[in-house]
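We will go from stop to stop, with a note on what to pick next.

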Amino acid sequence: MDEAIRQTDSDASGSRFCAVQKGYLNDPYASLLVQRPHLIQPRPPLINIGTYLRSSALDGLIFQFMDIAASENKKCQIISFGAGSDTRFWRIESSDRQSTLSHYWEFDFAEITTKKAMAIKKHMSLNSLLGDPSQISLSHGGTCLHSPKYQLLSLDMRQSLDALLKPVTLPGLSFPINSYTRFYKSNAILQWFANHFTGPGATLAGVVYEMFMLNDPFGRVMLNNMKARNVPLPGVVPYTSKASLPSRFINRGFSWAKALDLHEIRLKYVPQEESDRISTLEMLDEIEEMDLVLRHYAITWSLLQTDPSEYWYRWGLPPRD
């Protein structure tokens with residue numbers, strides 16, 4: 001089962017690489033964190049569009065969070081669970097937002113972090129952004145990589161969260177990200193952060209990307225396909241509607257939460273100019289199938305503050321003009 005779950009990272013990194021190759025995304029680091037990129041088969045337009053929507057929406061939420069922090073002269077840290085071959089740290093560190101980032105933590109299975117650590121050490125364009133080479137090190141048999149700002153840590157989320165998350169400190173602004181397929185304890189992760197969230201003026205934001213609405217006919221087909229690949233999704237079963245998704249956060253003490261499915265994001269939240277650009281990249285025939293698939297994936301974001309600020313309540317994806 002673990003091997004099947006880990007395979008989801010290869011699928012995701014391959015899909016991102018293909019989306020970059022087709023022009024959906026701009027990511028100079030994507031090819032450096034995939035295995036044998038020359039052998040990756042092109043993805044169909046439906047997959048490329050889904051990858052674009054997921055990636056651009058997550059980037060939009062994270063970058064806006066960082067911009068709000070910068071406007072208040074604060075730094076923030078990002079904690080990513082199921083980070084896989086994600087390149088977001090390098091894209092932030094090579095941008096104007098790098099001064100707002102205090103720490104970036106990535107957690108995943110040891111097999112995945114080992115490959116990522118090897119790629120980071122191999123490619124100068126990756127390791128040169130980690131800071132002073134004398135402060136970069138490997139540990140735990142090469143499964144973990146440490147630097148002043150970036151930490152890559154191996155874990156099994158079925159272990160004790162107190163033990164696994166002991167290295168993580170919580171400064172004023174923290175942003176945990178949860179990937180939907182590979183971890184069983186997404187709710188427990190959120191509860192851990194809510195329980196350990198302390199300090200005046202602190203802000204904790206969370207984002208979860210996941211499948212949902214797996215109780216309807218199309219959802220059951222999707223769920224059975226995942227089960228056939230030996231990838232269980234116990235965390236998504238209770239969420240049978242978009243309206244139920246924010247409860248994941250609200251029930252754990254967060255101040256507010258909002259959810260959008262990818263179909264809504266495509267129609268109402270991608271800027272018109274960008275939507276027009278995407279429509280020219282490939283011919284799309286499976287529009288009805290795409291709409292069905294996109295309606296079963298969602299991004300939920302939420303905020304927890306000790307001293308609520310009205311400005312932070314405006315954090316979110318801006319609708320299309």
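**Before we start**

This is a predicted model, in which local features need pLDDT of at least 70, side-chain atom pairs count only at pLDDT 80 or more, and totals for chains, interfaces and linings use all residues. Residues are numbered from 1 along each chain as its sequence is written, and side-chain values use heavy atoms, with hydrogens and water left out.

**The whole chain**

Colour by secondary structure to begin. The protein has 12 helices and 9 strands, where helices (H or I, at least four residues) and strands (E, at least two) are DSSP runs, numbered from the N terminus. Of the 321 residues, 53% are buried; buried means under 20% relative accessible area, exposed over 50%, and partly exposed in between (1.4 Å probe, protein chains only). Contact means heavy atoms within 4.5 Å. Among contacts between residues at least 6 apart in sequence, 80% join residues at least 24 apart.

**Stop 1: strand 1**

Select residues 76-81. Because 6 of the 6 residues of strand 1 are buried, the strand is largely enclosed by the rest of the structure. Cys-76, Ile-78 and Ser-80 are buried on one side, and Gln-77, Ile-79 and Phe-81 on the other. Strands pair if DSSP finds at least two bridges between them. To see one facing couple, show Phe-81 with Phe-107 of strand 2, which stands opposite.

**Stop 2: strand 7**

Select residues 203-211 next. Here 9 of the 9 residues of strand 7 are buried. One covered face carries Thr-203, Ala-205, Val-207, Tyr-209 and Met-211, while the other carries Leu-204, Gly-206, Val-208 and Glu-210. Bring in strand 9 (297-305): 9 bridges join it to strand 7, and the two run antiparallel. Thr-203 has Gln-305 as its bridge partner in strand 9.

**Stop 3: helix 10**

Select residues 262-269. Which residues of helix 10 are buried? They are Leu-262, His-263, Glu-264, Ile-265 and Tyr-269. The elements that cover these buried residues include helix 2 (45-71), strand 7, strand 8 (256-261), helix 12 (287-294) and strand 9. Zoom in on the N-terminal end of helix 10, which is capped by Asp-261: a side-chain oxygen of Asp-261 lies 3.0 Å from the backbone nitrogen of His-263.

**Stop 4: Asn-48**

Select Asn-48, which lies in helix 2. Asn-48 counts as buried because its relative accessibility is 0%. One joins the side chains of Asn-48 and Glu-282 at 3.0 Å. In the other, the side chain of Asn-48 reaches the backbone oxygen of Arg-43 at 3.2 Å. Leaving aside neighbours within four places in sequence, the contacts of Asn-48 include Ser-15, Cys-18, Ala-19, Lys-22 and Tyr-24.

**Stop 5: Ser-154**

Select Ser-154 in strand 5 (residues 150-154). Is Ser-154 buried or partly exposed? Its relative accessible area is 24%, so Ser-154 is partly exposed. Then show Thr-143, whose side chain makes a polar contact of 3.1 Å with that of Ser-154.

**Stop 6**

Most residues other than glycine have a negative phi. Select Arg-36, which has a positive phi of about 45°, in the loop between helix 1 (2-21) and helix 2. At 53% relative accessibility, Arg-36 counts as exposed. Then select Met-213, with phi near 55°, in the loop between strand 7 and helix 8 (217-228). Met-213 counts as partly exposed, at 22% relative accessibility.

**Last stop: a cavity**

Select Ser-13, Arg-16, Ala-30, Leu-33, Val-34, Ser-85 and Thr-87, which line the second largest cavity. A cavity is a set of points, on a 1 Å grid over the protein atoms alone, where a 1.4 Å probe fits but cannot get out; lining residues have an atom within 4 Å of a point. This cavity holds about 30 Å³ of space, a volume being the space filled by probe spheres set on the points, with grid points joined across faces, edges and corners.

Note on methods
1 Å grid on protein atoms, 1.4 Å probe; cavity = no way out; pocket = protein on both sides within 12 Å on 5 of 7 lines; lining within 4 Å. Polar contact = N/O pair within 3.5 Å; in protein donor to acceptor, adjacent residues only side chain to side chain.
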